[in-house]
Amino acid sequence: MTGTVLVIEDEYGVRTGIEQILRMEGFEVWSAACAREAIDHLKTKTFDVALIDYQLPDVDGLTLLHQIQQHDGLTKTCMITAYANIDMAIAATRQGVDFFLPKPFTPEDLVGVVNNLLKRRHVEIEAARLREAHEASLIALASEKSQTHSLVSCLRDAVLVVNAAGHVVLVNPSMARLLGSNAEQVVGQPVMDVLAAPAFGPLREQLETPEEKRGVFECEIDDRAHMVRVVVFRDEEGTARGSIVTLSDISEVRRLAVEKSRFLRTLVHELRSPLGAIRSLLEVVMDRSLGEEMNAYDSFLQRADARIENLVGMVGQLLTLSRVDEQRTTESCEPMAPAQVVEEVAKLYEDQARSRGITIRCTLSDGDERVRLDRDEWQTIVGNLIGNAVKYNKPNGMVEIVLQREQGWLRLDVRDTGIGMSSDGARRVFEEFYRERRAETRDTEGNGLGLSIVQRLVQRKGGSIDVSSVLGEGTSFCVRLPV
Amino acid sequence: MSHTIVFVDDDRDFLAAQSAFFAARGYVVHTAEREDRALELLHEITPNVIVLDLMMERADTGVALSHKIRQIEALRAVPIILLTGVVAATGRRLDLDVAALRRWAGIDEYLDKPVTARQLLRAVESLIHRSNQDSASEEA
């Protein structure tokens, strides 16, 4: 075994003697005749062992011992003394000296002591290294644990972990909310007690079901639909250590599914009615219900044709609706003048309006100013609003169109003096297929899709559409688009 | 003796076509486009069959109307046909508990729209036949 040894001894003969013996054994030896010299060495070198003479010319051995220990707590120390008096031994031991070597000593004694001390030093260094490594891994573990904890804590899904004994070991805040208690109250409790509420019945059953028969299932908690999964977790040997329960709130997905199915149901009805009518109208003709004179069937065939025309229009509107939903409209977005489009569209409805004595009045303060807006989409918005204002107007009524700029917004108002809507009608007017069924609307063709399309177009552009209506007096729509 | 039918449906074309078809077969046809008009009509006449559309002003107008008709003494035994719908692909009735409705609203027959006039005719004839038998056995 080799090592570095510092020898502090004021007697020249003893010092060189020790040096020689240790060098012969292969040790690296540094020596000092006084404490000051020893301290100088300590500044440049780390020593495995220090042999200290008790009586030094400058300071006493105990003081130097203290200084060496301050410098490197792991340096092994040995006090060399001719006065093996008990008081000094007690003081040095208290101060933590590792060994005493009373003079006179044999070279074997010296080498034995130094080797012994070296061994201890190596053991202590190794122990310190292990301790540090252990501490480091504890810190890493703690930080990993805290990361996992934060991760689980901020999950929107509710998580509950049960150990093999059926006790809850972890509950995240989402789960605690569902349980209506805080995590501390729950951890350590039997899971069946924690999940005692009736809403958790299906989950309790699942926990009692053999693993291979478990599956994903839905369960209603606090009026919200949850998808529940129970997964067994295993250790490296494959032994089951417990279960992880996750509950994901799928109310929104459910709501969309319900909405979609409602839409489909309405669509089926909206298609079935005209189809039924067309079929009946044609049956009358095929059946020759009115005799062999074909002129008698003209009105039936005309009505069938008109109903088919309406269906074709509706199919087109449905396609537009799905395009808007999928954001697949062709957004050419060439700069164009919105006022110009309003004027053109208003002109399209002029004949229809005039035939019922309705006046269309445009106030387009926006002028020819151009903005980046999809021309087709703007046309659809304007067309639907003006079309409705004419369609649901009263004879000799008025349609007022105002287009203006309002602090970075383009604002279109379309007001009519028509039949108006009930408050329920105004609230539902943007729903697909919604039409107020009243005597006044009986003869007006429509499929209730136009305003749904308009609303979606406007909202997709970051704009808004508002409606206000007074039954029997008229309706006004206000569209705001960012430009 | 000719039979009388009342059609209640908010589709004017459907009513016009059924009127022509059934009139050609000797039926006396009355139509109503709205619930209130139908009730007015049914206070005046007692038809042999009533045909109701399920969805009119509301999604369940036909059912509610049928229930009201059954409260009228003279109409208690008049057969009622409800025109409704199924989703063709699944064959499942979407929104009706048939047995419960039969009890509550006294509906005798359900037909899915778009129904053909011939299907409707068959249903009407068989219901008239049945009610004739019922009244004959009651008299006996």
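Biologist: In which loop of chain A is A:Phe433 found?

Modeller: The model is predicted, so that local features need pLDDT of at least 70 and side-chain atom pairs count only at pLDDT 80 or more, while totals for chains, interfaces and linings use all residues; side-chain values use heavy atoms, without hydrogens and water. Residues are numbered from 1 along each chain as its sequence is written, and chains are lettered from A and ligands numbered from 1 in the order in which they are written. Helices (H or I, at least four residues) and strands (E, at least two) are DSSP runs, numbered from the N terminus. A:Phe433 is found in the loop between α15 (423-428) and α16 (450-460).

Biologist: Is A:Phe433 buried or exposed?

Modeller: Buried means under 20% relative accessible area, exposed over 50% and partly exposed in between, with a 1.4 Å probe and protein chains only. The relative accessible area of A:Phe433 is 6%, and therefore this residue is buried.

Biologist: What is the phi of A:Phe433?

Modeller: Most residues other than glycine have a negative phi. A:Phe433 is not a glycine, yet its phi is positive, at about 70°.

Biologist: Is A:Asp223 buried or exposed?

Modeller: A:Asp223 lies in the loop between β8 (217-221) and β9 (224-234) of chain A. This residue also has a positive phi, of about 65°, although it is not a glycine. Its relative accessible area is 73%, so A:Asp223 is exposed.

Biologist: Which residue does a cis peptide bond join to A:Lys103?

Modeller: Most peptide bonds are trans. Here omega is about -5°, and the cis bond joins A:Lys103 to A:Pro104.

Biologist: Which residues is A:Ala240 in contact with, leaving aside its neighbours within four places in sequence?

Modeller: A:Ala240 belongs to strand β10 (residues 240-249) and is partly exposed, with a relative accessible area of 39%. Contact means heavy atoms within 4.5 Å. On that basis, the partners of A:Ala240 are A:Ala164, A:Val232, A:Phe233 and A:Arg234.

Biologist: What distance separates the centres of domain 1 and domain 2 of chain A?

Modeller: The bounds come from an automatic or database domain assignment, which divides chain A into domain 1 (4-128), domain 2 (155-249), domain 3 (254-325) and domain 4 (335-482). Taken over C-alpha atoms, the separation of the centres of domain 1 and domain 2 is 65 Å.

Biologist: What radius of gyration does chain A have?

Modeller: The radius of gyration is taken over C-alpha atoms, and the globule rule is 2.2 Å times the number of residues to the power 0.38. For a compact globule of 483 residues the value would be near 23 Å, whereas chain A has 47 Å.
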